[in-house]
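The tour goes from one selection to the next.

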Amino acid sequence: MIMEFSTLCDLGLPVPAAASSLISPVFDQLRPHPEVSGSELPDLLERLAQVPDPRDSRGVRHPLVTLLALTACAVLAGARSLLAVGEWVSDAPPALLERLGTVIDPLVPKRSWPAESTIRRLLARVDADALDHAVGAWLADRQSGKEGLRGLAVDGKSLRGAARAKGRKIHLLAACDHVSALVLAQMDVGEKTNEITRFQPLLDTLEDLADTVTSDAMHTQHAHAVYLLDRQAHYIVIVKRNTKKLRKQLKSLPWKRIPLQDRTRSTGHGRHEIRRLRSAR
């Protein structure tokens with residue numbers, strides 16, 4: 001077919017105020033989902049346990065999965081910064097901390113849970129792609145079993161207020177569920193490559209690909225189409241001047257004789273857009 005286009009809150013946990021030092025973009029995708037229940041903690045811990053520990057085993061006081069789970073739960077409860085995560089951890093009930101793997105010292109219980117500086121150092125060293133895959137897989141697990149067709153949008157985004165040591169902006173390629181807006185996978189594009197080369201590695205991290213994958217004109221590539229068909233997925237792509245032959249073929253179709261199936265008007269990115277939908281087999 002060818003188309004033309006013109007929580008943890010139910011546990012009663014405290015939520016600290018937002019502060020400086022923004023959350024890692026990996027955990028940032030958890031923020032819009034406060035409906036997570038405590039019964040889902042075992043699945044989250046199982047996914048986070050797959051992330052490799054970058055620390056030397058000597059002197060490690062807190063297991064990696066515990067630190068990652070505490071950060072994830074703090075974000076789900078509303079924390080918007082690393083300082084807020086530290087405050088949430090210090091105020092969390094001991095029963096929840098023990099459930100997440102924290103060993104409470106009865107003599108000095110306040111020293112049993114990790115400080116904000118410990119969490120900060122760990123997140124700076126952990127493998128971001130592995131952590132992203134674990135979080136995305138857990139979010140995808142929550143989507144599995146739902147009826148109806150699923151759509152996945154692949155698009156890039158540059159993070160605001162974040163940059164590498166030499167000033168380069170951090171640019172991510174993300175795969176987002178159309179209906180729930182869940183970010184199921186995202187990957188750093190890198191300084192010496194572009195979104196096109198990261199398309200397949202990004203979708204390789206998804207165990208269950210959606211029924212239909214959508215993307216912008218940059219990803220209207222023959223190799224991408226072959227890959228998606230091999231993964232038994234449909235695709236909807238935008239055809240522009242970067243694919244001259246394909247664009248010429250599509251423009252030659254008798255669009256005026258094809259009935260209009262849908263028309264929408266929207267405003268975004270500083271412009272008014274009218275989108276018309278026709279289909280031809």
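This is a predicted model. Begin with strand S5, residues 212-215, which is covered on both faces. Show its side chains: Thr212 and Thr214 lie on one side, Val213 and Ser215 on the other, and all four are buried. In a regular strand, side chains alternate between the two faces of the sheet.

To find one of the pairings, select Val213, whose bridge partner in S6 is Tyr235.

Now select helix H8 (residues 195-204) and helix H9 (residues 222-230). Their axes come within 10 Å and cross at roughly 10°. An angle under 35 degrees counts as roughly parallel, so H8 is roughly parallel to H9. On the H8 side, the contact is made by Ile196, Phe199, Gln200, Leu203 and Asp204. H9 contributes Ala223, His224, Tyr227 and Leu228. Sorted by class, this contact has six nonpolar, two polar and one charged residues.

Keep Leu203 selected and turn to the largest nonpolar core, which has 59 residues. Leu203 is among those with the most contacts inside this core, along with Phe27, Leu30, Leu68, Trp88, Leu131 and Leu152. Which helix gives the core its largest share? Select helix H3, residues 64-76: ten residues of the core come from there.

Finish at Leu131. What does Leu131 contact, leaving aside neighbours within four places in sequence? Display Val26, Phe27, Leu48, Val51, Leu68, Leu123 and Val126 around Leu131. In soluble globular proteins, nonpolar side chains tend to be buried together.

Technical notes: Residues numbered from 1 in each chain as written. Predicted model: local features only at pLDDT ≥ 70, side-chain atom pairs only at ≥ 80, totals over all residues. Heavy atoms only, no water. Core = buried A, V, L, I, M, F, W, Y, C linked by side-chain atoms within 4.5 Å. Buried < 20%, exposed > 50% of the residue type's maximum accessible area, 1.4 Å probe, protein only. Helix = DSSP H or I, 4+ residues; strand = E, 2+ residues; numbered from the N terminus. Contact = heavy atoms within 4.5 Å. Axes fitted to C-alpha atoms, helices over the stretch in contact; angles between N-to-C directions. Parallel < 35°, antiparallel > 145°, perpendicular 65-115°, else oblique. Nonpolar A, V, L, I, M, F, W, Y, C, P; charged D, E, K, R; others polar. Pairing = 2+ DSSP bridges.
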